Amino acid sequence: LDIVFGPLITLLAAIATRYVYHLSKSNKYLFLTLLPLVLMWVGSVYLLSSFHFEGKVILGVILSVIAFVVMAFIGNKRISKAENKSISLILKITSLVLGIVASYLMKVTDNIYLVIVGTVLLLSALLTFMMFVHIRNAKGNYNVLIAPLPPVIFNAFGVSLYLAPLLGFNYWFSVQMVGVGELVACYLIGLPLLLLLEKRKIFV
């Protein structure tokens, strides 16, 4: 099943990625860049909290989402070069503070595997945000942050259709776990590679 449907899902995701990347050279789709950030952040909280959302965990997620929205708004403002350095520094400091605050609000699990995966996912979110700052400074195309998202969605929902029954898992649990793996692969590894290829103009 995986030999047949895996490549098909990957092909569809690749076509979607190309379409998403060329959506626009403007920043009118900037709000979509928040989606992978929020997914990674919520996913890391979900894992580090051992699949339990409690009051302070929910508060941490809400604070994170609000912070990302505010930072995206700041990132889209037209400012002078002198202001640009100050804003970039503020964005980086805010992302670090956000990580510390959210970590304090989380109820960290004792499961070492969930800690490892959750931490890696959290690092992926912070790296993606740093890429957001980099693209903003270079006045690049923000859609590059959305381009790795189709493989995450297609694989999470598509692969789980045959993976969950084979392994005896709940479908939605499988969606979450496959989605976490895809987020890490596509944003911790794929996004920096994508930016490198774009910088070297290897593709158009």
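1. The buried residues of helix H2 (34-48) are Leu-34, Pro-36, Leu-37, Met-40, Trp-41, Gly-43, Ser-44, Val-45, Tyr-46, Leu-47 and Leu-48, where buried means under 20% relative accessible area, exposed over 50% and partly exposed in between, with a 1.4 Å probe and protein chains only. Helices are DSSP runs of H or I with at least four residues, numbered from the N terminus. H2 is thus described as mostly covered, with eleven of its 15 residues buried.

2. The model is predicted, and local features need pLDDT of at least 70, side-chain atom pairs count only at pLDDT 80 or more, and totals for chains, interfaces and linings use all residues. Residues are numbered from 1 along each chain as its sequence is written, and side-chain values use heavy atoms, with hydrogens and water left out.

3. From its first C-alpha to its last, H2 reaches 21 Å, close to the 21 Å expected at 1.5 Å a residue; the expected span is 1.5 Å times one less than the number of residues. Just after H2, Ser-50 takes a positive phi of about 55°.

4. The largest nonpolar core has 29 residues, of which Leu-121, Val-144, Leu-145 and Tyr-187 touch the most other members. Such a core is a set of buried Ala, Val, Leu, Ile, Met, Phe, Trp, Tyr and Cys residues joined through side-chain atoms within 4.5 Å. Two or more residues each come from H2, H5 (112-138), H6 (149-167) and H7 (171-199), and H5 gives the most, with nine.

5. Not counting residues up to four places away in sequence, Tyr-187 touches Pro-36, Met-40, Leu-127, Thr-128, Leu-145, Ile-146, Pro-148, Leu-149, Val-152, Glu-182 and Pro-192, a contact being heavy atoms within 4.5 Å. Ser-124, in helix H5, is buried at a relative accessible area of 0%. Leaving aside neighbours within four places in sequence, Ser-124 is in contact with Met-40, Val-184 and Leu-188.

6. H6 and H7 pack at an angle of about 145°, with their axes 8 Å apart. The axes are lines fitted to C-alpha atoms over the stretch in contact, and angles run from 0 to 180 degrees between N-to-C directions. Residues making the contact include Leu-149 and Val-152 of H6 and Glu-182 and Tyr-187 of H7.

7. Ile-153 is found in helix H6 and counts as partly exposed at 38% relative accessibility. Ile-153 and Glu-182 are 29 residues apart in sequence and 8.4 Å apart in space, C-alpha to C-alpha.
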